[in-house]
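Here is a short report for a reader new to this model. Please look over the structure first, then read on.

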Amino acid sequence: MSAALVGYSSSEEEQEPEEERGDRGGGAQGPPGASAGRPRLPAPAGLPGDPDPEEAVSDDSSRHGGRVRGFPHERGNWATHVYLPYIAQEEFLELLELLVSRARTYVPSLAAMEEFHLSLSQCVVLRYHWIEPFVRSLRERLAAFHRFFCVADQVKVYTNQNKTRTFIGLEISAGHFQLLELVSEVDGVLEEFDLPTFYKDPSFHISLAWCVGDLSGRLEGQCLRELQDIVDGFEESAFLLRIQWEQIRCKSGNKYFSFPLR
């Protein structure tokens, strides 16, 4: 059975982050409420620094592979996502090619991901003037975390919340506890800004490929078993899919912020 409620954003700038927002609350359209012991910050009178890339984003889905925007674009709204980046090695790309090639015999429209990551948040909306305090709060909360390993070796089929896209991913089978600790801190920051937190029982995973529409029925069953057999039989699988995370990243619009793990 496929897993739903993965937060893939559909904006052109958030390609596969990933990730369309679910219906768990609106984005921050104005100043967020102050958390306990934290004073409300004043909103600026104007946004002269609001960059052009976020001012003129087309919602034409034909420009970005048929993906549908999960929330309307408005000037000053920045799609924001917190995640662990994964830099693919040559052997990983070889495994990816084998998996996508086999899966395309069931779903020819399947497209391989070009970048890889593991999500620690949904894709949420930040007002431009809240990016700096949001990032500052993330940095403070994540400063004490050390590097750690995960094992991502279980093939799984996912759909986004609106069932407009289907994904094949590698689910984490070891390292779940450390990821939940990170999510707890990220959720704390999101709550400060009145933004939706991550899912209660997340299926942590690295997305490998995607297609438009809910085609999970074609990819589950026999196809999924064949894909798992490929992973289990891949010569470098045990070493390759034991991943050490070294940094956390936040992407807000076209801005990237890195938080190295100790």
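## A contact at Glu192

The side chains of Glu192 and Arg141 are joined by a polar contact of 3.4 Å. A polar contact is a pair of N or O atoms within 3.5 Å; within protein, one must be able to donate a hydrogen and the other to accept it, and residues adjacent in sequence count only if both atoms are side-chain atoms. Glu192 counts as buried, because its relative accessibility is 8%. Buried means under 20% relative accessible area, exposed over 50%, and partly exposed in between (1.4 Å probe, protein chains only).

This is a predicted model, in which local features need pLDDT of at least 70, side-chain atom pairs count only at pLDDT 80 or more, and totals for chains, interfaces and linings use all residues. Residues are numbered from 1 along each chain as its sequence is written, and side-chain values use heavy atoms, leaving out hydrogens and water.

## Helix α3

Glu192 belongs to helix α3, residues 176–192. Helices (H or I, at least four residues) and strands (E, at least two) are DSSP runs, numbered from the N terminus. The 17 residues of α3 should span 24 Å at 1.5 Å a residue. The expected span is 1.5 Å times one less than the number of residues. The end C-alpha atoms of α3 are 25 Å apart, which agrees.

The buried residues of α3 include Leu179, Leu182, Val183 and Val186. Asp187 and Glu192 are also among them. An α-helix has 3.6 residues a turn, so residues three or four places apart point the same way.

## Two positive phi values

Most residues other than glycine have a negative phi. Asp194, which follows α3, has a positive phi near 55°. Asp194 lies in the loop between α3 and β8 (205–212). Its relative accessible area is 48%, so Asp194 is partly exposed.

Lys163 is not a glycine either, yet its phi is positive, about 60°. The loop between β6 (148–160) and β7 (165–174) holds Lys163. Lys163 is partly exposed, because its relative accessible area is 39%.

## An aromatic cluster

Rings of Phe, Tyr and Trp (its six-membered ring) pair if their centres lie within 6.5 Å; planes under 30 degrees apart count as stacked, over 60 as edge-to-face and the rest as tilted. By this rule there are eight aromatic pairs. In one of them, the rings of Tyr86 and Phe92 have centres 4.9 Å apart and planes at 70°, so the pair is edge-to-face. Tyr86 is buried at 9% relative accessible area, and Phe92 is buried at 2%.

Phe92 also forms an edge-to-face pair with Phe116, at 5.2 Å centre to centre and 80° between the planes. Phe92 lies in helix α1 (residues 90–103) and Phe116 in strand β4 (residues 116–119), so this pair ties together parts that are 24 residues apart in sequence. Phe116 is buried, with 6% relative accessibility. Tyr86, Phe92, Phe116 and Trp245 form one aromatic cluster.

## The whole chain

The protein chain has six helices and eleven strands. It has 262 residues, of which 52% count as buried. Contact means heavy atoms within 4.5 Å. Among contacts between residues at least 6 apart in sequence, 80% join residues at least 24 apart.

The mean pLDDT, the predictor's confidence in each residue from 0 to 100, is 81 for the protein chain, and 72% of its residues reach 70 or more. Over residues 8–64 the pLDDT is below 50, and this stretch has 155 contacts in the model beyond near neighbours in sequence. Where pLDDT is low, the predicted coordinates should not be read in detail.
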